[in-house]
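Hello,

Here is the structure I promised to pass on. Please have a look at it first; my notes follow below.

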Amino acid sequence: MTDQELIQFLSKMTIEEKVGELTALGGQFFMDEYIKTGPTVNLGIDPWVIEYAGVGCNLSKEMVIKVNKMRLEKGRSPILNCVDVIHGYKTSFPIPLALASSFNMSLIKKSVKCFTEEAYVNGVQVSFSPMLDLSVDPRWGRVMESFGEDTYLGRKYAECYVKSMQGNLKPPYIGSTVKHFLGYSLPLGGRDYEMSMISNRALFDIYLPPYNEGIKSGALMVMSGFNALDYVPISANKELLTNLLRKKIKFDGVVISDYNAIHELVNHRVAKDDKEAALLAFNAGIDVDLMSSCYPNNLISLYNEKKITMEEIDKKVFRVLEVKNKLGLFENPNQFLNYGEINTQNTLNTAYKMSVESITLLKNENDILPLKKNDKILFVGPFINEESFYSSWSLFVDKNMSTIWDILGKSKYSEYSLFETNNIFEKPLSLNETSELLDKAKNATKVVFLVGEKSYESGEAKSKTDISLNCNITSMIKKVHDVNEKIVSVVYGGRPLVLTDIVQESKAIVYALNPGTMGSKAVIRLLYGYENFSAKLSMSIPYSVGQIPVTYKALPTGRPKDKRIEENNYYSHYLDAPNEPLFKFGDGLSYSKFKYSNLVVDKDVFNDKDILNVSVDVKNVSKVKGKEVILLYFRDEVATITRAEKELIRFDKISLEPNETKTVSFKIKAKDLSFTNIEMKKLTEEGDFTFIVSNLSKTVIFKK
Ligand code: BGC
């Protein structure tokens, strides 16, 4: 439709139809031919609302067809079906925290394209993804959905995810929703849904840029957060949702609330009832109410009482109609029916490559890995027969995935035996089990432990205070260590887990953040060296929970350890732990060895108009072909506020044959070094800037 036709369409709508466009209901409401069902009663809405609701959530394709039939007969707009397609639809790709660890943006693009296509043919029109909440607290279970702890990585991830999901909005692309705007990821105590305390400076410089990038890349929708930020619940936060998002960032798509979040304003105690909650959210800037009864039950009376105007309602409705129009739904509401077959083999191959590039090698003492053909391996742990390497967001995923056992059985990698410990999370091994395990371990050349946390232990509402490995697992590893020191620990999970208890006992540590459908194959082929490791951590692994939040972006302190006067204890430290994480952002090894040299910045002094060229030579000094992630950091030597010791500014991933050298170059402008300064102005201050790659650094001067 043209804009004119859309305006015409809007002008003919009744107020019930308009309120329907601003109401998003879950799939359960559309069953049973719109009769008064359990969910309707629970939510406290009248059946008319279901008939009018213009946005659906998690509808199957059959439901989309059915609902559209009814809506189109009555001259209404087609339904907009939104689903959480977070890291896969039928095929599970690795979780987002793992996708980001690959630092391979073109592979992430391909992956997103594959699962977008799977979602599209199943009637999905918009995904509630990507989540762009920068995460530094692994107690918070939703870190699995995040790109991790770095703003620049988050910006690149946002750009490639949104562009790949939306493409040109023609089949098989779907709309993307960046969420949860803003500041959801630092809840007090790491407990989901609690208030976040983030300073304005950190909000603008650290948390906002990935959203800016997602919106600049064309995201059709923004989901607002459940949380309160600095004592103001987001659903009632006009400063953020209107002044920042609409006026400053100029976002003109749809803002949808999070699930039941408008009603939750009553629980936050900023609204006395649902009607007040609806008014607050409406005025703050929320267009669509997802799964609360506030808008459908109250907007009409708020209008009749002249608390809101038809012009305001129309603006919101028009945005929803525009999204439907951009997706071509008016012309062809069930367009997914005309789409051909999906190339499943291509999807599985891409998922496999993505898993390989998202699994991190954190330690490999004496090159215990790769496992050799003539090794006699004992595989031990609760993940030997595990099928669920996906996440709580894998609603429609094909759940019968290959396990480690299946993969080992398929091809002869080496002699191996298995020792499953399925109940280890609940109880320690019995005496008999322990002696059987130790016998087997003595007879093996190497022991591979498959441990960690199960996929259902991370995700929404999965906060933990203790993120160390289960103590039964730790004690089992320690016992085996007494009889066989050749231990490889493969750790699965949806968050950085504290591994301090097993780090000494493990000669090698492999970190496999829920690696998806092809995860088992990727793990085995990496362990045996048929594939090479190339991932680097997108989020630091703490030494202990007490350090959280701990990131690579350490800030200077007045009393740093390296300026400590001998015997003086008044410096920044813990009595019982180091200041640094156990493994930090950017850590990750390979079977190849890389040597960095020749860091060159092409100007000693640069100004606002210059484009700096920063280059470095990287050589593969091993006999193994491999991929290396090159991370370029910078430090602002002196500024009006205290700035991080180093901040990521660019990265690249390259492939190198044995003995091959490549020069990697990055273009940098002065504005890439900017920050919110003492006067709350975003700018780059004059002075020295140091660029850092690996163990090389070079300082240059910025002069306006
Ligand atoms: C989550 C959102 C999600 C929504 C719809 C909420 O509980 O916070 O991220 O998109 O549910 O499933």
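How many nonpolar, polar and charged residues are in the lining of the second largest pocket? Counted by class, there are 15 nonpolar, eight polar and eight charged residues. Keep in mind that this is a predicted model.

More on that pocket. The volume of the second largest pocket is about 580 Å³. Its lining is made up of 31 residues. Nearest the centre are K536, G586, G588, L589 and E628. Four strands each supply at least two lining residues: β11 (360–364), β17 (594–601), β20 (626–636) and β25 (687–693). Strand β20 gives the most, with five residues.

Next, a sheet. Eight strands form an open sheet with parallel pairing. The order is β9-β6-β5-β4-β3-β2-β1-β10. Two strands sit at the edges, β9 (254–256) and β10 (289–290), and each of them pairs on one side only. In general, strands of a sheet pair through backbone hydrogen bonds, either parallel or antiparallel.

Look at the β9 end in detail. Strand β6 (residues 221–224) pairs with β9 in the parallel sense, over three bridges. Which residue of β9 is the bridge partner of M223? The partner is I256.

Best wishes

Note on methods. Residues numbered from 1 in each chain as written. Predicted model: local features only at pLDDT ≥ 70, side-chain atom pairs only at ≥ 80, totals over all residues. Heavy atoms only, no water. 1 Å grid on protein atoms, 1.4 Å probe; cavity = no way out; pocket = protein on both sides within 12 Å on 5 of 7 lines; lining within 4 Å. Points joined across faces, edges and corners; volume = space filled by probe spheres on them. Nonpolar A, V, L, I, M, F, W, Y, C, P; charged D, E, K, R; others polar. Pairing = 2+ DSSP bridges.
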